[in-house]
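I opened this model to look at a few sites one by one. My notes follow in the sequence in which I looked things up.

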Amino acid sequence: MDLLTPTIPTPLQRLRNADIENAGVQLYVKRDDLIHPTVSGNKWRKLKYNLLEAQNRQAKAILTFGGSYSNHLYATAAAGNALGIKTIGIVRGLELEGRENSTLQFCRSQGMELHFITREEYRQRHSDAYLRHISEQFDGPCLIPEGGTTPLALKGVAEMVGEVKEQLGKMPDFIATAAGTGGTAAGILAAGANVLAFSALKGGDFLAGDIQNLLPEQSGNLTLLTDYHFGGYARWDKELLTFMQDFRTQYGIQLEQVYTAKMFYGLFDLIKTGYFKRNTSIVAVHTGGLQGLITV
Ligand SMILES: *Cc1c(COP(=O)(O)O)cnc(C)c1O
């Protein structure tokens with residue numbers, strides 16, 4: 001399967017269990033994990049118009065930022081390779097140089113040039129002065145911020161919401177998503193849906209402001225859930241892993257422990273504890289990320 005011919009629309013699948021029946025809600029999962037084998041889920045949605053823009057501008061290269069387990073770096077490397085555009089990845093953490101994990105090895109195999117910087121320097125990744133410096137250093141590449149989260153990304157995510165509306169025959173009461181940078185949540189809000197965003201990081205309250213900043217004018221309502229982080233970004237415990245295993249046994253759907261398992265855990269908890277009114281319809285987005293799955 002080619003990167004440019006993804007599986008779209010992705011399936012919408014109903015989930016049932018005793019707690020869901022008791023609460024009288026309708027729960028569906030939007031299978032964006034099935035979009036593409038390497039560029040999975042929301043990274044494909046977010047990159048689509050960014051890449052088209054880079055192509056239209058005949059950019060010599062795409063430069064972007066990420067941590068060592070970044071699904072976004074992975075996706076950008078694969079996409080650049082498929083489109084014949086050179087990619088440069090700026091990686092957080094000098095100490096990783098020469099000790100590359102499978103994500104970074106994959107990026108290199110796709111032709112991505114990797115540059116490692118200190119965590120201190122990485123913190124400047126949104127500063128205009130720093131980006132000018134980086135742009136000069138790398139000869140004017142097309143710059144895409146961490147997570148691929150740009151105004152153009154919102155347009156790609158909105159297309160996913162369009163599919164949901166068509167498949168369900170209406171806009172659901174809520175669309176749930178995991179949040180890292182908040183770009184996916186912003187795209188869903190911009191398309192007019194109410195969003196339940198589950199922070200994958202500890203102290204995720206800042207996401208409300210970041211999401212707001214991405215929105216030209218907010219049409220949906222945002223509910224930010226910040227208590228289901230399991231200790232912080234890329235942290236998890238046995239309870240979460242057990243939940244993932246049970247989920248796979250029951251529904252035949254694989255989750256990963258960085259984003260999607262935390263969202264479903266949180267959502268099931270809210271359903272069980274009576275958070276939703278009866279007859280509420282909820283679509284949870286499986287944002288993918290399975291190529292980064294750490295099997296434990
Ligand atoms: C990157 C990622 C997210 C977070 O998306 P944001 O738009 O950065 O909030 C969620 N789920 C998966 C699987 C991801 O790879």
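**Entry 1: Asp 33**

I began with the side chain of Asp 33, which makes a polar contact with the side chain of Arg 31 at 2.9 Å. A polar contact here is a pair of N or O atoms within 3.5 Å; within protein, one must be able to donate a hydrogen and the other to accept it, and residues adjacent in sequence count only if both atoms are side-chain atoms. I am working on a predicted model, where local features need pLDDT of at least 70, side-chain atom pairs count only at pLDDT 80 or more, and totals for chains, interfaces and linings use all residues. Residues are numbered from 1 along each chain as its sequence is written, and side-chain values use heavy atoms, with hydrogens and water left out.

I placed Asp 33 in the loop between strand E2 (26-30) and H2. Helices (H or I, at least four residues) and strands (E, at least two) are DSSP runs, numbered from the N terminus. Is Asp 33 buried or exposed? Asp 33 counts as buried because its relative accessibility is 9%. The cut-offs are under 20% relative accessible area for buried, over 50% for exposed, and partly exposed in between, with a 1.4 Å probe and protein chains only. I then listed contacts, meaning heavy atoms within 4.5 Å. Leaving aside neighbours within four places in sequence, Asp 33 touches Ser 40, His 286, Gly 288 and Leu 290.

**Entry 2: the ligand site**

Which residues come nearest to the ligand? I found Lys 43, Lys 46, Asn 71, Thr 181 and Thr 287, out of 14 residues around it. A residue is near if one of its heavy atoms lies within 4 Å of the molecule.

I checked the shell by class: two nonpolar, ten polar and two charged residues. In this scheme Ala, Val, Leu, Ile, Met, Phe, Trp, Tyr, Cys and Pro are nonpolar, Asp, Glu, Lys and Arg are charged, and the others, Gly among them, are polar.

Next I took the distances to oxygen atoms of the ligand. An N or O atom in the side chain of Asn 42 is 2.9 Å from a ligand oxygen. A polar backbone atom of Gly 182 is 2.8 Å from a ligand oxygen. For an N or O atom in the side chain of Thr 184, I read 2.7 Å. The protein covers 97% of the 390 Å² of accessible area that the ligand has on its own. Areas come from the Shrake-Rupley method with a 1.4 Å probe; for residues, only the protein chains shown count as cover.

Helix H2 (42-56) and helix H8 (183-190) each supply at least two shell residues. H2 gives the most, with three.

**Entry 3: helix H8**

I looked at how covered H8 is. Seven of its eight residues are buried. They are Gly 183, Thr 184, Ala 185, Ala 186, Gly 187, Ile 188 and Leu 189. After H8 comes Gly 192, with a positive phi near 95°.

**Entry 4: two domains**

I noted the division into domain 1 (12-38 + 150-292) and domain 2 (41-148). These bounds come from an automatic or database domain assignment. The C-alpha centres of the two domains lie 25 Å apart. Domain 1 puts 22 residues into the contact, and domain 2 puts in 18. Each domain also gives at least three residues to the shell around the ligand.

**Entry 5: Tyr 49**

I went back to H2 for Tyr 49. Tyr 49 is buried, at 16% relative accessible area. What does Tyr 49 contact, leaving aside its neighbours within four places in sequence? I got Leu 152, Lys 155, Gly 156 and Glu 159. The C-alpha atoms of Tyr 49 and Leu 152 are 5.6 Å apart, although 103 residues separate them along the chain.

**Entry 6: backbone checks**

I found a cis peptide bond from Ile 8 to Pro 9, with omega near 0°. Pro 9 lies in the segment before strand E1 (12-15).

I also looked for positive phi outside glycine. Asp 139 has phi near 65°, in the loop between helix H6 (128-137) and strand E6 (142-144). Asp 139 is exposed, at 52% relative accessible area. Asn 279 has a positive phi of about 70°, in the loop between helix H11 (260-272) and strand E10 (281-285). Asn 279 counts as exposed, at 56%.
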